[in-house]
Each structure stands twice: as C-alpha cells, then as structure tokens.
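Good morning, everyone. Please have a look at the chain on the screen, and then I'll walk you through it.

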Amino acid sequence: MSRNAELALGIVGGLFGILTGIIVMFIGGIGGAVGAEGAETVTVLGFGAILFGIIGIVGGALVTHNHRAGGALMLLSGILGFVTTSAFWIIAGLILIAGGIMALRSHPTPDQRSSGAAI
C-alpha cells in the first residue's frame, strides 16, 4: 500500500495554505495602507498561515517514511490554520485534515513491516 495519496494531499494542501497566507498578508497590507485598525495582526496571521502550509508540506513528505508523524503534522497544520485565518483556510484545511486522517488510519506499508520500522 503506497502513500501517494497522502503525499499528494499534504503537498497540495500545503501549497493552498501558503497561497492563503499570501492572500491574508495582502489583505492586511491593504488594511494597513488605509489605516484600518488591527491590520498588523492580520498580516502576522498571514505569516502563521504560511508557516502552517510549510508544516503541511513537510508532513506530506514525511508520510512516506513515518505515517504517524506525517499524519500528525498534516492534521495539526490543518487544524491550526483555521485558528489563524479562519474561513480563508477552508480549502487547505480540509485537504490537510483529510490527508492527515488517511495517514493515521492506514496500515504500514510492507516495506515498513519488513524493515522493523516503528509502526
């Protein structure tokens, strides 16, 4: 059983997360330019979304070697992204959460069983 689906979901979800962070930072920058209150906070939350997108990509890449750690990273970044950017994170969050759940629920690959890797 390969981990290609979880890998793809981690990478795609992370890329959508990074795109979301850039959009949120852009909105915060426009708010700062017009003098909106709290615009700096929105910009910082955009940086957080970019960070969680990168963590999602790392989790997706890690799932081929350690499915529990990779799944946990994708699940964590998917959930915490909602905390930072709320509804903007809906696409990235759903993709990352789905990939994380798939990685955590699936059984180890035959290669992991025969090599004695931690399950």
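First, the ground rules. This is a predicted model, where local features need pLDDT of at least 70, side-chain atom pairs count only at pLDDT 80 or more, and totals for chains, interfaces and linings use all residues. Residues are numbered from 1 along each chain as its sequence is written, and side-chain values use heavy atoms, with hydrogens and water left out.

Now the layout. The protein chain has 5 helices and 0 strands. From the N terminus on, that reads α-α-α-α-α. Helices here are DSSP runs of H or I with at least four residues, strands are runs of E with at least two, and both are numbered from the N terminus. There are 119 residues in the chain, and 36% of them are buried. Buried means under 20% relative accessible area, exposed means over 50%, and partly exposed is in between, with a 1.4 Å probe and protein chains only.

Surface next. The accessible surface comes to about 6,400 Å², and 74% of that belongs to carbon and sulfur atoms. Those areas come from the Shrake-Rupley method with a 1.4 Å probe; for residues, only the protein chains shown count as cover.

And contacts. A contact is heavy atoms within 4.5 Å. Take the contacts with a separation of 6 or more: 69% of them join residues 24 or more positions apart.

On to helix 1. It has 30 residues, which should span 44 Å at 1.5 Å a residue; the end C-alpha atoms are 43 Å apart, which agrees. The expected span is 1.5 Å times one less than the number of residues. The buried residues of helix 1 include Glu6, Thr20 and Val24, along with glycines such as Gly10, Gly13 and Gly14. They pack against helix 2, helix 3 and helix 4. After helix 1 comes Gly35, with a positive phi near 80°.

Now helix 4, residues 90-105. Its 16 residues reach 22 Å from first C-alpha to last, close to the expected 22 Å. Which residues of helix 4 are buried? They are Ala92, Gly93, Ile95, Leu96, Gly99, Gly100 and Ala103. Seen down the axis of helix 4, these fall within an arc of 170°, so they line one face. That arc is taken from the directions from the helix axis to the C-beta atoms. The cover over that face includes helix 1 (4-33), helix 2 (39-62) and helix 3 (67-85). On the other side of helix 4, Leu94 and Arg105 are exposed.

Next, the core. A nonpolar core is a set of buried Ala, Val, Leu, Ile, Met, Phe, Trp, Tyr and Cys residues joined through side-chain atoms within 4.5 Å. The largest one has 8 residues: Ala49, Phe52, Val63, Met74, Trp89, Ala92, Leu96 and Ala103. Helix 4 gives the most, with 3.

Look at Phe52. Leaving out residues up to four places away in sequence, Phe52 touches Ser77, Leu80, Gly81, Thr84 and Trp89. Ser77 sits in helix 3. At 1% relative accessibility, Ser77 counts as buried.

Last stop, Ser86. You'll find Ser86 in the loop between helix 3 and helix 4. Ser86 is not a glycine, yet has a positive phi of about 55°. At 48% relative accessibility, Ser86 counts as partly exposed.
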